[in-house]
Amino acid sequence: LSHSELIRYLSDMLLMFQVSEILSEEKCRLSVSGWFHGPPIERPARYIEAPLPRSPHIPYDHEILYEWVNLVYLDMDSQAQIQEEFEERSEILLKDFLKKEKFHLLCEALENKDIQWSSRGPPNKRLYETAEEDSLPDILKNFLQFLRSEALFLLLSNFTGLKLHFLAPSDEDAGEGRAADSAGTSQPDQPDNISEAQDSETQNGSSTPMCAGELRRWTNGHYTLVHDNQATEFALDLLFYCGCEDWDPGYGGFTSYIAKGEDEELLTVNPEDNCLALVYRDKETMKFVKYINHRSLACLKKHPSRRGFWDFSFVYYE
């Protein structure tokens, strides 16, 4: 190659965000590194990415919980035990979270070919597919409504001790033994009139709990990255997985939590069917989804129509 051809070739290489996996045991990766010298190039304005839209809960009473959730998790003693463990570790995995029949209906609907999926980037931050909600079958739309429902906000408050609902006890109340009942009732110390309680909450200047989320599809080549502009704040992450009964951690696709500026991994959440993962993170915690490598294609042997898995990824803010 001539000098000009080499420069042109290297310039093209710099435009690539990602290199392919090496699939051969006989070959190795070659790379060329160095510095380009010349007049400074004016940098374009930094692109500010719009975050996922946040919304308050949708008014749904406790009946929606009995429709979807395994009854074990609606028992108040179980919720108290879950909260105790969560407050100690800031994370918990709730297995068999949904009723089996509901979970099977979700998995069947996720393979519907009429669902429209769009690739979400940019590649220097993430690459995966997200569903267009208008194209979803009714069962999936209903589940998204469940994840945004007032009843689930209250249930998550009982699981975590976070104030995601006005009936959830504050830190001061917790010391006095007050508790909100996710089945739709409150303990005697709670206000008799819900509207009065909401008005009082507003007058006291408390923020309104919000959530943001999406339905994602993960296949070979997908990932997310930690980056300098990644927003970090106090929040509760919710991950619910479907279609990963034979998923091996060696395939990738797990969510890793790390401390900002540190290499040490704080927590790993592996995809697991019908498992609800809850993780509370602070401003010093960042997360990413591990690159899904070519070994994940082994799933095609058992599930020819399935190349990966799905998750419902939501974030809840107090």
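**Exercise 1. How do the residues of the lining of the largest pocket divide into nonpolar, polar and charged?**

Before we start: this is a predicted model, where local features need pLDDT of at least 70 and side-chain atom pairs count only at pLDDT 80 or more, while totals for chains, interfaces and linings use all residues. Residues are numbered from 1 along each chain as its sequence is written, and side-chain values use heavy atoms, with hydrogens and water left out.

*Step 1.* On a 1 Å grid over the protein atoms alone, a pocket is an open set of points with protein on both sides within 12 Å along at least five of seven lines; a cavity is a set where a 1.4 Å probe fits but cannot get out; lining residues have an atom within 4 Å of a point.

*Step 2.* Find the pocket. Its space comes to about 880 Å³, counted as what is filled by probe spheres set on the points, which are joined across faces, edges and corners. Of its 34 lining residues, Arg120, Arg126, Gln230, Ala231 and Lys287 lie nearest the centre.

*Step 3.* Sort them. Ala, Val, Leu, Ile, Met, Phe, Trp, Tyr, Cys and Pro count as nonpolar, Asp, Glu, Lys and Arg as charged, and the others, Gly among them, as polar. You end up with 15 nonpolar, 8 polar and 11 charged.

**Exercise 2. Describe the largest cavity.**

*Step 1.* The structure holds 1 cavity of 30 Å³ or more, and the largest has a volume of about 60 Å³.

*Step 2.* Look at its lining, which includes Cys244, Trp247, His303 and Arg306. By class, that lining has 3 nonpolar, 3 polar and 3 charged residues.

**Exercise 3. Why is strand S7 largely enclosed by the rest of the structure?**

*Step 1.* Strands (E, at least two residues) are DSSP runs, numbered from the N terminus. S7 covers residues 255-259.

*Step 2.* Check burial, meaning under 20% relative accessible area with a 1.4 Å probe and protein chains only. 5 of the 5 residues of S7 are buried, so the strand is largely enclosed. Thr255, Tyr257 and Ala259 point one way, and Ser256 and Ile258 the other.

*Step 3.* Now its neighbours; two strands pair if DSSP finds at least two bridges between them. S7 pairs with S8 (residues 265-269) in the antiparallel sense over 4 bridges, and Ile258 has Glu265 as its bridge partner there. 5 residues lie between S7 and S8 in their hairpin, and Gly261 in the turn has a positive phi of about 80°.

*Step 4.* S7 also pairs with S10 (residues 285-289), antiparallel over 5 bridges, with Ser256 opposite Phe288.

Technical notes: Buried means under 20% relative accessible area, exposed over 50%, partly exposed in between (1.4 Å probe, protein chains only).
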